[in-house]
Every structure is written in structure tokens, then in C-alpha cells.
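Subject: Handover of a structure

Dear colleague,

I am passing on the structure below, together with an account of what was found in it. Please read the notes with the structure open beside them.

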Amino acid sequence: MFQKKRLLAGALALVMGANLVTVGAFARGESRSTSTQTSSPEETVYVNTYGGDSRTVDFNDHWRFNLGSGDADPNYNDSAWRDVDLPHDYSIEQEYSKSGEAESGYLLGGTGWYRKTFSITPEWKNKVVSVNFGGVYMNATVYLNGHELGFHPYGYTSFAFELPQEYLNYEGDNVLAVKVEHQTPSSRWYSGSGIYRPVWLYVGPEDGILPEGVKVTVVDRDTVRVDVEQRGEEAGEEMLVDILDADDQTVASARGCHTTIQIPDAKLWDADHPCLYRCRARIRREGKLWDESSVSFGLRQIAWGSEGF
């Protein structure tokens, strides 16, 4: 599909190539001044619109950021905040301080707020929509339209929260807010602060394959075990599992949520020839495709002997 960015106030349109394959993403820019500084210049606030049938959606561009105070209220005026794209580290933007410590690079961290305004199309009604964070450092509290979705304290692990359908607004804008609290010292090495890894949306049927629900375990140099997790299961449905090579050609297949597959003439991964396979899981109901998810993996052989690896 494509992504289009439109600045309404300046009547300037920029058409950009798609970075998402099967989802339409539009960002409209609205210029408005803050309510507390009427003499300040107008700021452009982008509102992304998402829809389509893609399972994963890039959610990294046009976040608003403020170091210090903030609010999760969708009506809060954040037009004076900075527009940032993720990943983002707000520690590295600060001045070095003698009151800091070496592990944080003498940067103080502090509290940062992120807000993203977006709208969605009706295709996502009655589907499971979740927001997935690759990593936030640290003590992240996530809100949707003023409702707290959850808290994730640890800064080095990925996490996700479902966006409940009863909180989503299909008739207007939605606001996802993230409060990040980084009080130093907190780490033995430089960690940075903020949403420092990518963010994406997962969209799927209520009774489909779970996000990251396809797991591949290497059993031998040419054999893998595949486990597929799904919500619910209907009588008569089929779970089809395929292994595809680098040319996207099917080289092995099996059926079932838990299966072991042997890959003929398996090619190993190494730094000079980074061969990757793709494991694709599909649910078929009454002969029709109901849901699909896939994950890439590689096969590598490691030997340990008297001289080491």
C-alpha cells in the first residue's frame, strides 16, 4: 500500500513510498497554537490513520514527546511538545551533569512522556488489537484514551498490551500515552531513557494465532519443532505448517499445532551465507484461509572440542 503525509495548515502534500506492505497509513497534520502561549508559533500535530488487513503495523512515526510533566487525557494539549520518531533516547539529548554517575553516562534521565494521536478504520472492529513495545527504559505506564492499560517496570524486555475494543474510538481520534520514569542510578551500563526500541501494532482475529505465537525450536541440523499457539479452536479446522526457503519456496510441510519437521538438504546459517528459512502457520476453516502468521529462523551448527569452538 502506501503512506501519505499531509500538512493541512500549509496546504503542502508529500507522497512517500510505503514502509508497510498491506496496510494503509495516512498522517494528517493539524496546526494549532497552545492554549497557554497564544503568541507562540503554530505547531503541526500529526494524526496517523491505520487500517487494512496487515497482521503487524509499524507504529513508530510522529509521537509527541516532553521531558518532565505530561498527561494521558486525550484532550490534553500536546501541540507544544516535540515531534519524534521511534526509537528515541531522551537521556542522550541532555547535558552532562556532575551530579550523575558513570553508569548512566553522567546523564540524569528523569520522567518523559510520549503521546501518539491516531485513528483507525472500521476493518479492525471485533479484532484483537495490541500495542507491542520492543523495549522501554524504564517503569513504563501505558494509557489508551486516558485508560491505564498496564505498567512494565523492567527496561530490557519487550512487552505488549491489548487495546480493548471498548476503549477504541472509530469515530474520531485515539491517543496512546506512555509515561517513562528513569531515576538514576539504575543500571551497571549506559541504558538510555525512553522508548528506545521499535513499537508496532498487532491485529488479528479473536480466535486466531496469538502474537508471536509461532515458535520454532531447532532439534538437529535439519530438524525443527514447531509449536503454534492460538485463541480458541473450532471443530473441522486445519493448522497447516510450511517451511519456506530463501526464495520463498515451500520445502517441507506438516499439519497440527505441535509438529516436528525435517528440512531436506538443509542449508546452515553463517556470517558469510546468512541463510534464513521462514515458518508459516495457517488456519483453514471450511476450506478457506482464516488466519496466517510466520517467523524467520536459521540453522547453525556449533561444535565444542579440546581446542574450543
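**Contacts of serine 187**

The side chain of serine 187 makes a polar contact with the side chain of tyrosine 156 at 3.0 Å, where a polar contact is a pair of N or O atoms within 3.5 Å, of which, within protein, one must be able to donate a hydrogen and the other to accept it, and residues adjacent in sequence count only if both atoms are side-chain atoms. This is a predicted model, in which local features need pLDDT of at least 70 and side-chain atom pairs count only at pLDDT 80 or more, while totals for chains, interfaces and linings use all residues. Residues are numbered from 1 along each chain as its sequence is written, and side-chain values use heavy atoms, with hydrogens and water left out.

A polar atom of the serine 187 side chain also lies 3.0 Å from the backbone oxygen of tryptophan 189. Serine 187 sits in the loop between strand 13 (174-183) and strand 14 (199-205); strands (E, at least two residues) are DSSP runs, numbered from the N terminus. With a relative accessible area of 16%, serine 187 is buried (buried means under 20% relative accessible area, exposed over 50%, and partly exposed in between, with a 1.4 Å probe and protein chains only).

**Salt bridges**

The structure holds 15 salt bridges, each being a side-chain nitrogen of Lys or Arg within 4 Å of a carboxyl oxygen of Asp or Glu. In one of them, glutamate 229 meets lysine 215 at 2.7 Å, N to O. Because glutamate 229 belongs to strand 16 (residues 223-230) and lysine 215 to strand 15 (residues 209-220), this pair ties together parts that are 14 residues apart in sequence. Glutamate 229 is partly exposed at 38% relative accessibility, and lysine 215 is partly exposed at 39%.

Arginine 285 and glutamate 237 also form a salt bridge, at 2.7 Å, N to O. Arginine 285 lies in strand 20 (residues 277-285) and glutamate 237 in the loop between strand 16 and strand 17 (238-244), so the pair ties together parts that are 48 residues apart in sequence. Both arginine 285 and glutamate 237 are buried.

A further salt bridge joins the side chains of arginine 278 and aspartate 248 at 2.8 Å, N to O. This pair links distant parts of the chain, with arginine 278 in strand 20 and aspartate 248 in the loop between strand 17 and strand 18 (250-255), 30 residues apart. Aspartate 248 is partly exposed, its relative accessible area being 44%. Salt bridges that share partners join Asp207, Glu237 and Arg285 into one network.

**An open sheet**

Which order do the three strands of the open sheet follow? They run 15-16-19, with antiparallel pairing; two strands pair if DSSP finds at least two bridges between them. Strand 15 and strand 19 (258-262) stand at the edges, each with a single partner strand, so one side of each is left without a neighbour in the sheet. From one strand to the next, the twist averages 20 degrees (axes are lines fitted to C-alpha atoms, and angles run from 0 to 180 degrees between N-to-C directions). Strand 16 is joined to strand 19 by five bridges, and threonine 223 has glutamine 262 as its bridge partner in strand 19.

Terms used:
Helix = DSSP H or I, 4+ residues; strand = E, 2+ residues; numbered from the N terminus.
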